[in-house]
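Here is a friendly tour of one protein chain, arranged by topic. Please have the sequence and the 3D view open as you read.

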Amino acid sequence: MHIVHVISSLYPGGAQSALFRLCTSDTRNRHTVLTLIGGGDLEAPLREQGAEVVSMGFSRQGVSLGGMVRLWRAMRRYRPDLVQTWMYHPDLLGGLSARLAGIRLVCWGIRHTALEAGQSSRSSIIAARLCARLSGLVPRRIVCCASEALRLHEAMGYRGAKMVVIPNGYDLADYRPFAPGEIAAYRRERLDLDASRPLLGMVGRFNVQKDHPTLLKALAELKARGHDVLCLLVGASLDADNAQLAGWIEELGLASHIRLLGRRSDIPAIMNSLDLHILSSAFGEAFPNVIAEAMACGTPCVGTDVGDTAQIIDDTGWVVPPRDPQRLADAIEAALNEREQAPDAWEQRRQACAARIGEHFTIDRMVTSYNAVWSSCMSAAT
């Protein structure tokens, strides 16, 4: 089959990473990626792996008639067997363009859970509502990356009978537990860390959805309780140029407890280096990649109960309510105490984290599931 994918951009993000893994791991089909906005870190690697990538020339300011015409013409030119879209705007624009070009087989992709007024973008809320109304007409199937995403979008008005859950999958050759010597060398040579302090971390861009203030308040509470920890913050805009973040850190007296690493390309090594990974998201997460990536590296996690975080972690870590710094601090403290006082139990927990991802969330399982959905669409159309 020839599959044309439509996605907003190939700048770093959960949907972009999932699309990259799918296209580069699926050897059964030919993949073409149409990006609404050009550029992005994953564009060149996708091309190097054999996928064709074409920008439709949209701007970040909104939808343009010229962009829609280019998208429609691309659909007419490629005439793919099936169009797979990713996220609200591509679902809406890519789905409509495909159907107007005479392509009957369209699969939408939902990568989000709750949308909150005042927090989520107005255009995303509008696109999601329009998609709910059109879900009976445009797509054959709607692929959700999380069970919670399916539940919430069905309640929003999406056609539940068309919806299926395909969790994200990971290449365990990349995300794997390192040997202790590898971790010690990386901490010493690449991060210049004091090995005596527990090392916490959160990988996730600076965005209201990630709720860094709650994490920082929890770290301040841990400091008040006498815990001397270091926390790495990794992701876009988590660097010295972020005046707002620097102000929060200074206000809470955490300057010696936080290290800002910004965007990094060595995430598997960072995940291995952490003693504990934390995700403090307040809303919107569907299937948070960073939780699964950390666990695949044998790093236990504390996460807030958004999206499918609890389902991913299961009994290998800790899940707390969002926007609750005290509960988050309690969970981190419980993890630190176990690591210090019960090293055998901690090692078993680390092994259980990697085993859970290896059993339930591999890239092979994800590719097989997408192929099953696409094949079922093809079979129903004949």
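N289 is buried, because its relative accessible area is 9% (buried means under 20% relative accessible area, exposed over 50%, and partly exposed in between, with a 1.4 Å probe and protein chains only). Please keep in mind that this is a predicted model, in which local features need pLDDT of at least 70, side-chain atom pairs count only at pLDDT 80 or more, and totals for chains, interfaces and linings use all residues. Residues are numbered from 1 along each chain as its sequence is written, and side-chain values use heavy atoms, with hydrogens and water left out.

**N289 and helix α11**

- N289 sits in helix α11, residues 289-296 (helices are DSSP runs of H or I with at least four residues, strands are runs of E with at least two, and both are numbered from the N terminus).
- The side chains of N289 and Y170 are joined by a polar contact of 2.5 Å. A polar contact here is a pair of N or O atoms within 3.5 Å; within protein, one must be able to donate a hydrogen and the other to accept it, and residues adjacent in sequence count only if both atoms are side-chain atoms.
- Setting aside residues up to four places away in sequence, N289 touches G14, S17, R21, N168 and Y170 (contact means heavy atoms within 4.5 Å).
- Eight of the eight residues of α11 are buried, so the helix is largely enclosed by the rest of the structure. The buried residues of α11 include V290, I291, E293 and M295.
- Just after α11, G298 adopts a positive phi of about 80 degrees.

**Salt bridges**

- The count comes to 18 salt bridges, where a salt bridge is a side-chain nitrogen of Lys or Arg within 4 Å of a carboxyl oxygen of Asp or Glu.
- K210 pairs with E285 in a salt bridge whose closest N and O atoms are 2.6 Å apart. This pair links distant parts of the chain, 75 residues apart: K210 is in the loop between β8 (199-203) and α8 (212-224), and E285 is in the loop between β11 (276-279) and α11. Both K210 and E285 are buried.
- R225 forms a salt bridge with E333, with 2.7 Å between the closest N and O atoms. R225 lies in the loop between α8 and β9 (230-234) and E333 in helix α13 (residues 325-341), so the pair ties together parts that are 108 residues apart in sequence.
- Salt bridges that share partners join E221, R225, D330 and E333 into one network. R225 is partly exposed, because its relative accessible area is 28%.
- E189 and R188 also meet through their side chains in a salt bridge (3.5 Å, N to O), and both E189 and R188 are exposed.

**Helices that pack together**

- Two packed helices are described by the angle between their axes and the distance between the axes. Axes are lines fitted to C-alpha atoms, for helices over the stretch in contact, and angles run from 0 to 180 degrees between N-to-C directions.
- The axes of α1 (residues 14-25) and α15 (residues 363-381) come within 10 Å and cross at roughly 80 degrees. That makes α1 roughly perpendicular to α15 (angles of 65 to 115 degrees count as roughly perpendicular, under 35 as roughly parallel, over 145 as roughly antiparallel and the rest as oblique).
- In this pairing, A18, R21, L22 and S25 of α1 meet I363, M366, V367, Y370 and W374 of α15.
- Helices α13 and α14 pack at an angle of about 115 degrees, with their axes 5 Å apart. Here A335, E338, R339, E340 and Q341 of α13 meet P343, A345, W346 and R349 of α14.

- Q348 belongs to helix α14 (residues 343-360) and is exposed, because its relative accessible area is 56%. Q348 and T316 are 32 residues apart in sequence and 9.3 Å apart in space, C-alpha to C-alpha.
- A269 is in helix α10 (residues 267-273) and is buried, with a relative accessible area of 10%. Leaving aside neighbours within four places in sequence, A269 is in contact with F178 and Y186.
- D192 has a positive phi near 50 degrees although it is not a glycine, and D192 is found in the loop between α7 (180-189) and β8.
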